[in-house]
Number of protein chains: 4
Amino acid sequence: MTLSQGRTYLAIPGPSVSPERVLNAMHVSAPNIYEGALVDMVHAMVPDLKAVARTAGDVAIYIANGHGAWEAAAMNVLGPGDKALVLSTGRFAALWGMICARLGVEVEVIEFGRQSPVDPAQVEAALKADSDHRIKAVLCVHVDTATSVLNDIPAIRAAINAVGHPALFMVDCIASLGCDRFEMDAWGVDVMVAASQKGLMTPPGLGFVFFNDKARAASVRSVSYYWDWGPRSAPDFFYQFFGGTAPTHHLLGLREALNMIGEEGGVEAVWARHDRLAHAVWAAVAAWGQDVEMAMNIADPADRSRAVSCVRIGNGNGLRLRRWVEGNAGLTLGISLGMNTEADPGGDDYFRIGHMGHVNAHMVLGALGVIEAGMAALDIPHGAGAVAAAARVIAGR
Amino acid sequence: MTLSQGRTYLAIPGPSVSPERVLNAMHVSAPNIYEGALVDMVHAMVPDLKAVARTAGDVAIYIANGHGAWEAAAMNVLGPGDKALVLSTGRFAALWGMICARLGVEVEVIEFGRQSPVDPAQVEAALKADSDHRIKAVLCVHVDTATSVLNDIPAIRAAINAVGHPALFMVDCIASLGCDRFEMDAWGVDVMVAASQKGLMTPPGLGFVFFNDKARAASVRSVSYYWDWGPRSAPDFFYQFFGGTAPTHHLLGLREALNMIGEEGGVEAVWARHDRLAHAVWAAVAAWGQDVEMAMNIADPADRSRAVSCVRIGNGNGLRLRRWVEGNAGLTLGISLGMNTEADPGGDDYFRIGHMGHVNAHMVLGALGVIEAGMAALDIPHGAGAVAAAARVIAGR
Amino acid sequence: MTLSQGRTYLAIPGPSVSPERVLNAMHVSAPNIYEGALVDMVHAMVPDLKAVARTAGDVAIYIANGHGAWEAAAMNVLGPGDKALVLSTGRFAALWGMICARLGVEVEVIEFGRQSPVDPAQVEAALKADSDHRIKAVLCVHVDTATSVLNDIPAIRAAINAVGHPALFMVDCIASLGCDRFEMDAWGVDVMVAASQKGLMTPPGLGFVFFNDKARAASVRSVSYYWDWGPRSAPDFFYQFFGGTAPTHHLLGLREALNMIGEEGGVEAVWARHDRLAHAVWAAVAAWGQDVEMAMNIADPADRSRAVSCVRIGNGNGLRLRRWVEGNAGLTLGISLGMNTEADPGGDDYFRIGHMGHVNAHMVLGALGVIEAGMAALDIPHGAGAVAAAARVIAGR
Amino acid sequence: MTLSQGRTYLAIPGPSVSPERVLNAMHVSAPNIYEGALVDMVHAMVPDLKAVARTAGDVAIYIANGHGAWEAAAMNVLGPGDKALVLSTGRFAALWGMICARLGVEVEVIEFGRQSPVDPAQVEAALKADSDHRIKAVLCVHVDTATSVLNDIPAIRAAINAVGHPALFMVDCIASLGCDRFEMDAWGVDVMVAASQKGLMTPPGLGFVFFNDKARAASVRSVSYYWDWGPRSAPDFFYQFFGGTAPTHHLLGLREALNMIGEEGGVEAVWARHDRLAHAVWAAVAAWGQDVEMAMNIADPADRSRAVSCVRIGNGNGLRLRRWVEGNAGLTLGISLGMNTEADPGGDDYFRIGHMGHVNAHMVLGALGVIEAGMAALDIPHGAGAVAAAARVIAGR
């Protein structure tokens, strides 16, 4: 017998659950890409997209996943011989750095480990040491889904400013956009990378690079046609928006997702929802962790994302739990990613819960209830009162 | 702020949650109704439908809701001057009786109240008293969604047999089919009424009347064209299946729903899932009810349905709770239905949870978590440990 | 090799092609049927539905097909012993009469054959002969899809009025509503029957009965619960609208279909489109019929429907043509229906083209082109210039 | 009044009409991208994709449009200082060359004009002149949608072979794959570029690069991470297939499209369908062009594509016609693209008909009928008998 037959919840840290409205918006035969409704829609949609990113700057939309958007961002401002400072707090900043290195960029990585956010003091020190300003860009993820750490973007910007370093500040918000508060312009971010499939609730297939005038001024000449953000952000004709054929169905989906954000009350309302739901998860994990080693991977709540939670369950139980909840209860949790250490080679001591995008109290409490059931079924020791504690957070109590 | 934006769970006792697969199967332009794939499909589907009802008898499929199917069943075997014995255990058997009365049938109702199942002894007594066999049919619901009572169909059949009464035994399985175990042939049911929108996971719009040879032999001549089960159950040509134009899209949806039941392991696997999920709900309600008046409306688990749970929360809190969970958490609970009494005129002391059809452990535990949150938010006293208790049931512990 | 792989056109006289918008509107998980958005929507939709019928009267919406709506209309005003006058011009008025007969109604049929509309003079004579006013209702189809005849409703009303007969005038607009001009109130129609799957572009599953005060006053007491138009047209609470569970998904589809009619410019714009498209079909058939026996079944254009065209191709070629166009070109034509005569026992001398609902110039000209190809492939003699003639009509030349 | 309300036909040369089956396959909530059904499906799908391309070589799948696939193909084998020979027969080979130039590649273009295919003799001469083999690749489009020319790929390969030149032969089949016969391995093509939105009937968003061992051996080291075909074509783990997050919904759509191709009888059956449909279009244009200047842009049928037809209508009537057929009849034709000349600055002397992918006889004949109507409405002179001529081709006569 299985208890999984019903509406399943894919609680991996992306792609997130697709709203029915978004899927319906995409369920149309191909529209004209040369003129008419789609063309008008895209022009009207760009401001709404920028509003979610909290920027008055520019945006280039790519048919690509997040890795493609990373490459696009890097190629527009970095070239062979340039140097980038990568602030690694999990897995993804390092991957972005690897992509830069493939472009001939010299990459310096500061490693902050798997359980800590970026330490601005170290950033400041590294930039101070770069007295001849060889570093052209500082790369950082806002949220690393592998660790679920949330980096303090304003503090890093302050560190850059403290030494008056001219490097571009480039931030990956792929996991955080539309989940954790992010203020591109107010926080002094020059380049921001995002994608469609997490907080923006649209299937994977669109990458975004937002950038300001400083970044535009720093654009290099060696950028390839496809990644060149110039025509995409200021097209002379519609075809240039997407460097060729427009991603018709994804655009229709994204439009509907942005409508949903607007109807909810704008991105601030969406942030507030994610904040409360994340606190519910944290409360449950804290209860489970009483007297056992189970805990949030990131100890300090101030350093945790509202989009995803990486949980240490220990004893290799991550894999067993994931198998049980998917096979028996309709919940798919995220695998551990890059948490392998010498002491924990398989990474199966961890699991992750994606609570990003189209997710509400019912879904989150259901996920917590299912995890509780799974631990009971598998005889994994855990503290009591977890779902009740989460429910109190949901209740605002 | 609302925490309801996400995939909502409509936990009313029907219509139940529509599976994506069923909706996709219905998302096709109209098919030919005269020949070809649809015609072949319907012929092949009828046996699968009978298998769910556990009968080797006949079935007539109506474009109608459950009330229409009631009328169809009644009109085929009852006419003006006939008498029907109605066993009332909530709201719906009485409504079926009312529909019979509109046809000129004399209706005798035995009322078992809102918290008890049919007492077979009373049925036996009533039939014994009907020594001239004026009663042509005994009408009963298997599950009454108003009270969530489950009636003991084999016991009622035994009562009928005990006095050797020839009346047809007609059972409404609208709420129970595909949720609570039901064995039409083995249990000696002559006529069974069902509909598409609950355990069969298809939008409202199809009603079913299953019947055996005894019922066919008892068919009256006065039946109207539309309700006549004769041509529908044994059509000479396809048009007669549906007494006119076929319900094309509903048929495609139903086919997919039956596929899903088959893939899960057949209706016995589906019953087992509902059984476990219902026990989880009951465990939660029992925990909530410690030291307060909250309780399952039906005291004895043996008398409870696996499709729906009617819960007494008291103090008019049913309405407040429903409003909160829908507005704040993405869960829609069922209203109280027909539970009004003198002491409780508004009926708002109750709410109902539908857990029928396309529902899994994640959805049910999420609903329980949300109810817990709602009671916390509204300061409704309740016992502790409810979701944990439910999770243990899910875990099989 | 087949040339049919592509978007097929189901050109049978109902169900008509389902618009993508309608199907998308139906692709949602079940909504609440007790309160909220669906309830509000239905209340707001009823006036739009009446506007299409051109009536300020009432409407009852049934989960049923057209045959069910016939039975509903009949049962509300006719009972055993009543007499109905049926004006037969094909197949469907006679079937409606059969349904009345099943209710115990005495049915008098005037047969106008398969190629002529109702002759008002004969109606007048029949009513004049009914000096004691035993005839309670005159039943007529506006368009008979079997013959594609269009009856002159105002002329028949004038005939009834000419003799001052009090019978209700009941008209079946199942095939014509939203295709051929129809003015319920202005034309003095007392009861009008329609369904969802033709001009209203929604899958089969909803039947409608529109009626005026005179008809309401004539309501009989013997009507069954399900067919009773009283509560449905003036519900005290939402549940009564549909005599039980609402047809959730069909209602959402119908709402979208009515939106589409509104956006096109209202039903008059829709009529104008159908008028032009029908003239295009007629022009093609006229061209094909030069020097061969092929012809529109209805000779006089004034008597032809804009929803469907019954074409006599002769020599049993109807079946061959239908097979070819479906198997080779993606077009499904309607079968001959009830055109069998002694001289033509198989009915295969005819085929029908449905051009109702969601149909445009591209679809109609494509159908005509495919028929032309089929006749060429099958060596069926036909006149030249047919599609060009149709195109000129489309062009307004 | 408009006659466009109905199912519209987007007859631009891509994106092509989306089949309902493909859209339904994409209408699912996000699947897991780490393990399970999607992962298994992709592995099983790759051979089917290669079968359509008629190759036993490798394929890399990119989240990108065709321009992205061009860039990918170029970057894997060409670097700064390399030289490419571009064979221009319209618009798209030159654009591919421009993308190469952006990568620092030296581009030599042989221009064959807007009405002629590649002349293999000129290719042979150019390669002969490259005695030191500086040319690393010969770039050519199979079908240029701007002109609708079809290039003779085997003849160009023969020209390369005639001089024993080692350059890679790289062919763009974006418009032709699944429409015009193409045999990658048999024809000696080393690299082939395609995309999802034309013959493959899936929304824009996927680009494909097929390549053989010779091309793999020629891979350069400077390729960027995202475009590197190495890991994508031989992934160690699933994530590498798509260089990051998988394009979940497009993959599901593509799977269904490949199913449809298989069910039709494989790509040879699909080619045969397109061949017949294209001949129908050509027959119509020939008839229209009697005594007026209207004509296919490509004079010799041997040089015409089966995917798209560029038609010279003259007198600036292309724009007027497109406006009329879209606004009045539900048909969207392709704009002229790059046909501007001194004598014809606006390009409005041309229009294009896309007849690629999910297209059948009904759709094509309907498009021709609508064009005929448009010319009639706009008083554009044209010869008679066009649709009839096309219908005869469809009929095989």
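Domain bounds here come from an automatic or database domain assignment. This is a predicted model: local features need pLDDT of at least 70, side-chain atom pairs count only at pLDDT 80 or more, and totals for chains, interfaces and linings use all residues. Residues are numbered from 1 along each chain as its sequence is written, chains are lettered from A and ligands numbered from 1 in the order in which they are written, and side-chain values use heavy atoms, with hydrogens and water left out.

**View 1. The two domains of chain A.** Domain 1 of chain A covers 9-16 + 266-394, and domain 2 covers 20-263. Their C-alpha centres lie 27 Å apart.

**View 2. Where domain 1 of chain A meets domain 2.** Contact (heavy atoms within 4.5 Å) joins 28 residues of domain 1 of chain A to 31 residues of domain 2 of chain A. There are 2 salt bridges between these domains. A salt bridge puts a side-chain nitrogen of Lys or Arg within 4 Å of a carboxyl oxygen of Asp or Glu. Arg54(A) forms a salt bridge with Glu268(A), with the closest N and O atoms 3.0 Å apart.

**View 3. The interface of chain B and chain C.** Chain B and chain C each bring 58 residues to the contact. The buried area between them is about 4,400 Å², with 59% from carbon and sulfur atoms. Buried area is the accessible area (1.4 Å probe) that two parts lose on being put together, summed over both. Tyr34(B), Arg102(B) and Tyr225(B) supply 15% of the area that chain B buries against chain C, more than any other three residues.

**View 4. A salt bridge between chain C and chain B.** Arg322(C) and Glu35(B) meet through their side chains at 3.0 Å, N to O.
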